[in-house]
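Student: Could you walk me through reading sheets and helix packing in a model like this one? I would like to go feature by feature.

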Amino acid sequence: MCGIAGIIHTEGLKPVDPDRVRRMCDAIAHRGPDGEGVWTAPGVGLGHRRLSIIDLAGSPQPMIAAEQDAVIVFNGEIYNFKDLRKDLEALGATFRTDGDTEVILQAWRHWGVDCLPRLHGMFAFALHDLRQRTTLLVRDRFGVKPLFTARLADGAVIFGSELKALLAHPSLRREIDPLAVEDYLAWGYVPDHRSILKGVEKLPAGHYQLLRADGPPPAPVQWWDVSFADRAQGTAQDLEAHLLHHMREAVTSRMLADVPLGAFLSGGVDSSSVVALMAEASSVPVKTCSIGFDVGALDETAYADRIAAQYHTQHWKRTVSADDFSLVGRLAGMFDEPFADASALPTFRVCELAREHVTVALSGDGADEAFAGYRRQTFQHREEQARALLPSAIRQPLFGALGRLWPKADWAPRPLRAKTTFLSLAESGEQGYARALAVTSPELRDTLYSPDFKRLRGDYRAEQPLADLMRKAPARSGLDRAQYADLKFYMPGDILTKVDRTSMAVSLEAREPLLDHRLVEFGARLPEGLRVRGTTGKWLIKQAMRRYLPEDVLFRPKMGFVTPIAQWLRGPLAGEALGLSRSDTLARTGWFESTRLEAIAQDHISGRADHSRLIWQLLMLRKSLDGLG
């Protein structure tokens, strides 16, 4: 796992200052403390920071092919590199190292962009071909590894693993994109189709971009997508056996490392499944780490302890105080862009704990998206069935009126929030799911914005790209489309961003075996009844893991990392909440109505309403803007 950065001139072979590339890499030194390197040639400069995982001494980067015709900087892991190496050796390729980086170089030399579907893993890389005078930028199928790019006024394209690498370049403009603010307030993160800064882009997951020295950057090209359009054939027992086979392969392939390896263990279905399959494949005890809270309602460590005891893991755990808000100031620096998923705090704490014992940790991320484990997906499945019973001409006015009249009850569980359900049923399935996924409704956002900001935003609404994505999805049903949206929109923007930044902040490599693309493709073909049955999501995974895990672990309500933000903002962070309306940073933007911000803070602190998520979003936005200068 590493950090990469570089400069590519697309309007002639201008010289590249190696010190400038080095400064970009130094900005992300936390991603790779074990080594560094810079390579330049006319029109191109590539930089690398290394976290050694495989072939510890033999694969320094930037790496030049033995034939001296290609150079690569690479962030990630290729789990099938040994098999690819054999295939390439049969074609005449020779190797000087034992790692996966050189395999990518030779795969490009022999297969060109057709090499990409052959790579199994998580990766972002830049590969410069000296024969063709091209530079290939690539991001893995799901966007596990990030890649930011920007085109400068002189025609150069700069890239880096994090935005802070680009910010180290003096020519990067720091103009905030107001549409990114609209996106952020809707979702709690800036999704991959946008960046907080105008002119900065994120290479989309499953895409590549081929830059040439004599022309403007072309649009990214999609090289992989997941399809929900087909259905697998076979009995439930046969499909369960196939699923377990895929899960075993996914886990064991990610246990390859030349450094200490372990796993995160929350006590939930997904991380417990990963640990169980690791224990099955390992001849030594698996190393596991858990984070708990000193508030019983938030603590899951009893379940993690049970799994650790069942599989005799070498287990470490740490209890975090529910008042552990000391990280608030550091989070903005980790993410660069505003990021308001408060579970980033305990995620960082578990990464800290894991790094004390291992260099690589396997996580359970990805199964909820791929196998319908979120409650909102189950609700969407039911709501789509209800929409099918009533034509939109009846449904829209009926449920729209009920939704407007019904009292707001955000404090209640989703089934009891009739207002939300009615408003969702009045809309199309895509619009309804966008409303369910948003953390701040369009109606609430409109009450915050100043007239000037509304003019800047124009007709754009954050929910529209998600609804468009769902409408165009290769899918059969509303459940398919919801899962597709979670895999393509929510997961790279929120979940994978959170895990990448918090793990890399402590130089820990996190691997997601349940995001093996073959496993996800299998899950996308499962009949709906094997994904959702009644109110139970991830149904087939839970059946397959019955031989490994206790029933109360498999079927207890999903919890996830919960952080007591509401209490913090009524207690030790109340001053931060009240300060938002007086913030010079936010006032200078002119985006918000200050009286409205003050009323929201007062209503929350007094207990009249729970505005914790919105206040947290605004607080993290302010801290992020302070960092961007």
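This is a predicted model: local features need pLDDT of at least 70, side-chain atom pairs count only at pLDDT 80 or more; totals for chains, interfaces and linings use all residues.

Student: Let me begin with a strand pair. Which residue in β9 does T149 stand opposite?

Tutor: In general, strands of a sheet pair through backbone hydrogen bonds, either parallel or antiparallel. Here T149 stands opposite F159 of β9. The two strands involved, β8 (residues 148-151) and β9 (residues 156-160), run antiparallel and are joined by four bridges.

Student: In what order do the strands of the open sheet with β8 and β9 come?

Tutor: Read the order across the sheet: β2-β3-β1-β9-β8-β10, six strands with antiparallel pairing. β2 (35-41) and β10 (200-202) each have a single partner strand, so one side of each lacks a neighbour in the sheet. Ignoring direction, neighbouring strands here are turned by 15 degrees against each other on average.

Student: Which strands does helix α1 lie across?

Tutor: Helix α1 (residues 18-26) lies across β1 (2-9), β2, β3 (44-50) and β9, and runs at about 145 degrees to β1.

Student: How many strands form the open sheet that starts with β4?

Tutor: Six, in the order β4-β5-β6-β7-β11-β12, again with antiparallel pairing. Its edge strands are β4 (63-64) and β12 (221-222), each pairing on one side only. Inside it, β5 (residues 70-78) and β6 (residues 121-129) pair over nine bridges, and E77 has M122 in β6 as its bridge partner. Helix α3 (residues 101-111) lies across β4, β5, β6, β7 (134-139) and β11 (207-212), at about 125 degrees to β5.

Student: Do β13 and β14 run parallel or antiparallel?

Tutor: Parallel, with three bridges between them. G262 has K287 as its bridge partner in β14. From β13 the chain crosses through helix α7 (residues 269-281) to β14, a right-handed β-α-β crossover. Strand β13 (residues 261-264) also runs parallel to β16 (residues 360-362), again over three bridges, and there G262 stands opposite A361.

Student: Now for two helices. At what angle do α27 and α28 pack?

Tutor: Look at angle and axis distance together: α27 (residues 594-606) and α28 (residues 612-628) pack at about 130 degrees, with axes 10 Å apart. That angle makes α27 oblique to α28. The crossing is left-handed.

Student: Which residues meet there?

Tutor: L597, I600, A601 and H604 of α27 meet S612, L614, I615 and L618 of α28. By class, this contact has six nonpolar residues, two polar and no charged.

Technical notes: Residues are numbered from 1 along each chain as its sequence is written. Side-chain values use heavy atoms; hydrogens and water are left out. Axes are lines fitted to C-alpha atoms, for helices over the stretch in contact, and angles run from 0 to 180 degrees between N-to-C directions. Angles under 35 degrees count as roughly parallel, over 145 as roughly antiparallel, 65 to 115 as roughly perpendicular and the rest as oblique. A crossing is left-handed if the near helix is turned anticlockwise from the far one by less than a right angle, and right-handed if clockwise. Contact means heavy atoms within 4.5 Å. Ala, Val, Leu, Ile, Met, Phe, Trp, Tyr, Cys and Pro count as nonpolar, Asp, Glu, Lys and Arg as charged, and the others, Gly among them, as polar. Two strands pair if DSSP finds at least two bridges between them. A crossover is right-handed if, with the strands pointing away from the viewer, the path from the first strand over the helix to the second runs clockwise.
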